[in-house]
Amino acid sequence: MTPKTDDGATLWAERTGTGDPVVLCHGGPGLWDTLEDVAALLADRTAVYRWDQRGCGRSERRGPYSVAGSVADLDAVRRHFGLESVTLLGHSWGARLALHYALAHPERVTRLVYVSGTGIGPDSAWHPEFASNLRSAIGEDLPRWEGLRSRERLTEAEEREMCVLQWAADFPGPDRERARALAERMATPWFGVNSECRTEIVAETRTMSEHQLHVACGGLRVPVVIVDGAQDLRPRGAVDSLEQALPDVGRVTLAGAGHMPWAEDPAGFVSAVAPQRGRRGRGREERPGGACGRG
């Protein structure tokens, strides 16, 4: 499937499963869809739509890159498949993108699932702790990772190696071989990081007013569930102000899970993201970790 954006750029998209539509928004910015396992977990009960954001992965490498542009591109995917309204499931940066889409087009969103996001506050509130956690989690590979990061130019193989070392740290637990295997899966096939996309969108989000976002979220009449992995390297307190701003929100924290919580607790993740009939409004829930994800 090849949706077209408003300015004619070609996007990669794929549908699996049948049922009510769920559109997945991958992390980054500058990366590609790595949510194949999420799609597989949900495809027996929903129609799942995956896509690569503009300039990333299998989509046309073409700017400009902006939050508003990303929202418009997401709407182009919705229109391409003829979907009147959808559930949005966003992961990491994709959670922020899904939130911005819901704020812009609340009538087109039946539900928002906000997975492993970092809230609406400034990066300075959480990034230093994340950077410290990341270095600790990389462990014995830290000198190699820092050496690669310090280089002005990297080969494609070196860029991939650097990302695999970093992504492996996002899978908690003592089994580092499993973590490395999961990171290798995320990096296969390798499409390369779009650093221009990442730089421009991150710079834009850092100029956004937390107060204005808080006010906008306060008026959002879309049910939201926030899903956290308790072992995410990014401090989960960063999401508290978003949770407090939303009028119709629930929050589930999966113990033992990390930044990709479906990997450590697939059953708990599916239970968390599935619509909860008869349950609306605020609420927090701690769920113990379950079966390990596939390696």
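The largest cavity is lined by Gln53, Arg54, Cys56, Pro64, Tyr65, Ser66, Gly69, Ser70, Asp73, Cys197 and Ile201, a cavity being a set of points on a 1 Å grid over the protein atoms alone where a 1.4 Å probe fits but cannot get out, with lining residues having an atom within 4 Å of a point. The structure is a predicted model, in which local features need pLDDT of at least 70 and side-chain atom pairs count only at pLDDT 80 or more, while totals for chains, interfaces and linings use all residues. Residues are numbered from 1 along each chain as its sequence is written, and side-chain values use heavy atoms, without hydrogens and water.

The volume of this largest cavity is about 60 Å³, taken as the space filled by probe spheres set on grid points that are joined across faces, edges and corners. Two or more lining residues come from each of α2 (67-80) and α8 (195-205), helices being DSSP runs of H or I with at least four residues, numbered from the N terminus; the largest share, three residues, belongs to α2.

Helix α2 also packs against helix α3 (residues 93-104), at an angle of about 80° and with the axes 9 Å apart, the axes being lines fitted to C-alpha atoms over the stretch in contact and the angles running from 0 to 180 degrees between N-to-C directions. The two helices, α2 and α3, are therefore roughly perpendicular, a term that covers 65 to 115 degrees. Contact, meaning heavy atoms within 4.5 Å, involves Val67, Ser70, Val71, Leu74, Asp75 and Arg78 of α2 together with Trp93, Leu97, His100, Tyr101 and Ala104 of α3.

Key: On a 1 Å grid over the protein atoms alone, a cavity is a set of points where a 1.4 Å probe fits but cannot get out, and a pocket is an open set with protein on both sides within 12 Å along at least five of seven lines; lining residues have an atom within 4 Å of a point. Angles under 35 degrees count as roughly parallel, over 145 as roughly antiparallel, 65 to 115 as roughly perpendicular and the rest as oblique.
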